[in-house]
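Let us walk through this model step by step. Keep the sequence and the 3D view side by side.

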Amino acid sequence: MTSIRLKTPHNGEYDQPTGLFINNEFVKGVDGKTFEVINPTDETVICSVHEATEKDVDIAVSAARKAFEGAWRKETPENRGRLLVKLADLFEQHAEDLAAVESLDNGKAISMAKGDVAASAGCLRYYGGWADKIEGKVVDTTPDTFNYIKKEPIGVCGQIIPWNFPLLMWSWKIGPAVACGNTVVLKTAEQTPLSALYAAKLIKEAGFPPGVINVVSGFGKVAGAAIASHMDVDKVAFTGSTVVGRQVMKAAAGSNLKKVTLELGGKSPNIVFEDADIDNAISWVNFGIYFNHGQCCCAGSRVYVQESIYDKFIQKFKERAEQNAVGDPFHHETFQGPQVSQLQFDRIMGYIEDGKKAGAVVETGGKRIGDKGFFIEPTIFTNVTEDMKIVQEEIFGPVCTVSKFKTKEEAIKIGNNTNYGLAAAVHTTNLNTAIEVSNALRAGTVWVNSYNTLHWQLPFGGFKQSGHGRELGEAALNNYTETKTVSIRLGDALFG
Ligand code: ADP
């Protein structure tokens with residue numbers, strides 16, 4: 001059986017595929033293995049899904065290769081675009097179910113899950129629009145040569161995604177890859193396979209030829225590693241931790257030197273100047289760290305506040321954080337649901353204990369909520385020093401540190417005091433400060449008087465150890481195309 005009937009808290013029932021989606025069919029894994037999917041809200045088992053091993057990855061890669069060399073190669077750019085737009089429409093038609101599955105499996109608040117579905121549709125439609133606008137160039141060199149430069153698809157793309165935004169990462173990866181004419185084998189995170197399989201049903205319904213998009217559930221060390229080291233995968237795109245990003249890059253280097261793009265961790269500074277609109281800044285700082293339960297690679301986890309407003313800021317920020325509605329993700333008022341898994345919960349609580357031991361002060365939060373489900377209070381640490389683990393390492397939970405700075409120069413220096421460089425933010429009403437600090441921060445995205453306002457039209461990715469390459473926007477097309485130069489000799493032979 002590769003599908004079951006599942007109940008969602010308020011939505012009734014739907015058909016949840018559980019198989020591996022290969023060649024437009026849901027199939028069992030070759031070894032017949034399955035694994036359980038846990039509901040982070042109450043720690044019960046939602047269902048089991050089929051697990052891909054190396055053998056299944058091989059089958060999926062063969063299907064993707066066959067599609068790449070066959071039907072997909074012959075498809076016009078216009079039709080590639082049409083299919084992606086159709087898929088976006090289907091996401092919108094199935095928005096209620098998709099959001100419910102996402103909340104059930106990941107624990108994210110239903111209002112946020114709906115936002116993810118809308119943004120996924122937006123992203124797919126956007127790349128549908130790009131499909132017939134991927135153009136080359138003619139370059140004149142000498143009068144007896146005609147040169148043209150073409151953008152061609154890379155081939156079979158392995159895509160490994162994390163659990164924090166399962167549907168969104170699905171569309172960020174599949175949209176540009178398919179628009180450019182590649183085929184895909186995508187592996188979801190073992191914590192959250194369900195929404196991706198639901199979305200896989202829509203691939204077939206949209207009319208994609210078999211093998212163009214294959215979606216497998218499985219573990220990182222098995223299926224993920226098999227993709228990263230596969231000799232017939234031409235490119236791997238990975239989103240996840242910096243530790244695993246390094247392993248993916250090594251596996252690529254040790255196999256067929258496949259192209260690699262990485263979107264990794266962060267420890268992003270959120271800098272508040274004394275001239276900022278303080279209430280506005282607090283709303284964004286709050287959203288910057290607690291959105292998606294702090295499980296964002298770009299979370300604004302290091303907050304720096306100018307000395308003269310520090311005390312007032314702490315008092316107001318604490319009040320704001322304590323108002324965040326934490327609880328049942330299916331409740332429409334909920335802002336923060338549970339962390340995704342026991343492992344993540346334990347990691348975060350470990351960091352909180354570590355911060356306390358190091359002498360940091362818990363201004364608010366720091367504790368588990370209830371005794372079922374992986375809920376953690378929104379937590380603010382003060383009295384921190386730059387060398388503390390809670391200031392340097394990515395916690396990936398609802399925990400931030402707040403410290404003071406005196407001058408703009410100091411803010412820039414401490415803002416950049418990290419191995420990461422994914423995002424940053426500046427809160428100020430002074431245009432010069434906004435531009436000067438934004439330009440000086442070593443980060444792939446800088447928000448001014450806002451936070452986490454990502455958009456599919458805008459490139460996203462990291463400086464330093466936050467990654468390689470950019471997702472979203474036109475920039476992502478570079479990650480999914482090879483550049484070919486064709487140089488035609490028009491004149492006589494050069495020699496003789
Ligand atoms: P996190 O620590 O947040 O769970 P990971 O980086 O471990 O993030 O996981 C992100 C994705 O990478 C998941 O799909 C996971 O299965 C996959 N993954 C984990 N380990 C490996 C590996 N060694 N090779 C390839 N993929 C992996």
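**From a salt bridge to the ligand site**

Lys204 and Glu25 form a salt bridge through their side chains, with an N to O distance of 3.1 Å. Find the two partners in the fold. Lys204 belongs to helix H7, residues 194-206, while Glu25 sits in strand E4, residues 25-27. The pair therefore ties together parts that lie 179 residues apart in sequence. A search of the whole structure turns up 26 salt bridges. Bear in mind that this is a predicted model.

Now turn to the ligand. The space it takes is the largest pocket. The ligand is surrounded by 19 residues. Ile161, Trp163, Lys187, Glu190 and Ser241 are the closest. By class, the shell residues split into 8 nonpolar, 8 polar and 3 charged.

Next, look at the polar atoms. In the side chain of Lys187, an N or O atom is 2.7 Å from an oxygen atom of the ligand. Trp163 places a polar side-chain atom 2.9 Å from a ligand oxygen atom. Gln247 has a polar side-chain atom 3.0 Å from a nitrogen atom of the ligand. How much of the ligand's accessible area does the protein cover? On its own, the ligand has 560 Å² of accessible area, and the protein covers 87% of that.

Notes
Residues are numbered from 1 along each chain as its sequence is written. This is a predicted model: local features need pLDDT of at least 70, side-chain atom pairs count only at pLDDT 80 or more; totals for chains, interfaces and linings use all residues. Side-chain values use heavy atoms; hydrogens and water are left out. A residue is near a molecule or strand if one of its heavy atoms lies within 4 Å of it. A polar contact is a pair of N or O atoms within 3.5 Å; within protein, one must be able to donate a hydrogen and the other to accept it, and residues adjacent in sequence count only if both atoms are side-chain atoms. Accessible areas come from the Shrake-Rupley method with a 1.4 Å probe; for residues, only the protein chains shown count as cover. On a 1 Å grid over the protein atoms alone, a cavity is a set of points where a 1.4 Å probe fits but cannot get out, and a pocket is an open set with protein on both sides within 12 Å along at least five of seven lines; lining residues have an atom within 4 Å of a point. A molecule sits in a cavity or pocket if more than half of its atoms lie within 2 Å of its grid points. Ala, Val, Leu, Ile, Met, Phe, Trp, Tyr, Cys and Pro count as nonpolar, Asp, Glu, Lys and Arg as charged, and the others, Gly among them, as polar. A salt bridge is a side-chain nitrogen of Lys or Arg within 4 Å of a carboxyl oxygen of Asp or Glu. Helices (H or I, at least four residues) and strands (E, at least two) are DSSP runs, numbered from the N terminus.
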